[in-house]
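I opened a new notebook page for this chain. The entries below follow the order in which I looked things up.

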Amino acid sequence: MSGVDRTPHYYLILAIMVASLFLMRKLVDLRIGLLFLAIREDKDLAEALGVNTTRHKLLGFTISSFMAGLVGGFTTL
């Protein structure tokens, strides 16, 4: 792989990183981010307040798996 210009790959990965950081920051600021925080702090209290913790835990797992898969797919470049 010597002699291959990896500059376009660098900028692609950089753009993906910036976009994912922006989306994660926006996610934290939304209502769902507050629900994730409530579940993290006290799951029983969040359930008592009417939060479907199973659904939101599954959603958090799905989002984190998507991000890991996205990064893993581009590491082979």
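How many positive and negative side chains does the chain have, and how far apart do the centres of the two sets lie? I found 8 positive and 6 negative side chains, with the two centres 5 Å apart. Lys and Arg count as positive and Asp and Glu as negative, while His and the chain ends are not counted. Each charge is placed at NZ of Lys, CZ of Arg, CG of Asp or CD of Glu.

I noted that this is a predicted model, where local features need pLDDT of at least 70, side-chain atom pairs count only at pLDDT 80 or more, and totals for chains, interfaces and linings use all residues. Residues are numbered from 1 along each chain as its sequence is written, and side-chain values use heavy atoms, with hydrogens and water left out.

Next I looked up the fold. The chain has four helices and zero strands (DSSP runs, H or I of at least four residues for helices, E of at least two for strands, numbered from the N terminus). The radius of gyration is 17 Å, well over the 11 Å that the globule rule gives for 77 residues, so the chain is more spread out than a compact globule. That radius is taken over C-alpha atoms, and the rule is 2.2 Å times the number of residues to the power 0.38. The C-alpha trace spans about 60 × 20 × 15 Å along its principal axes.

I then checked burial, and 16% of the 77 residues count as buried (under 20% relative accessible area, with a 1.4 Å probe and protein chains only).

Thr53 got its own entry. This residue lies in helix α4, residues 53-74, and is buried at 2% relative accessibility. Leaving out residues up to four places away in sequence, Thr53 touches Ile39, Lys43, Ala46 and Glu47 (contact means heavy atoms within 4.5 Å). The C-alpha atoms of Thr53 and Phe36 are 8.7 Å apart, at a distance of 17 residues along the chain.

Terms used:
Buried means under 20% relative accessible area, exposed over 50%, partly exposed in between (1.4 Å probe, protein chains only).
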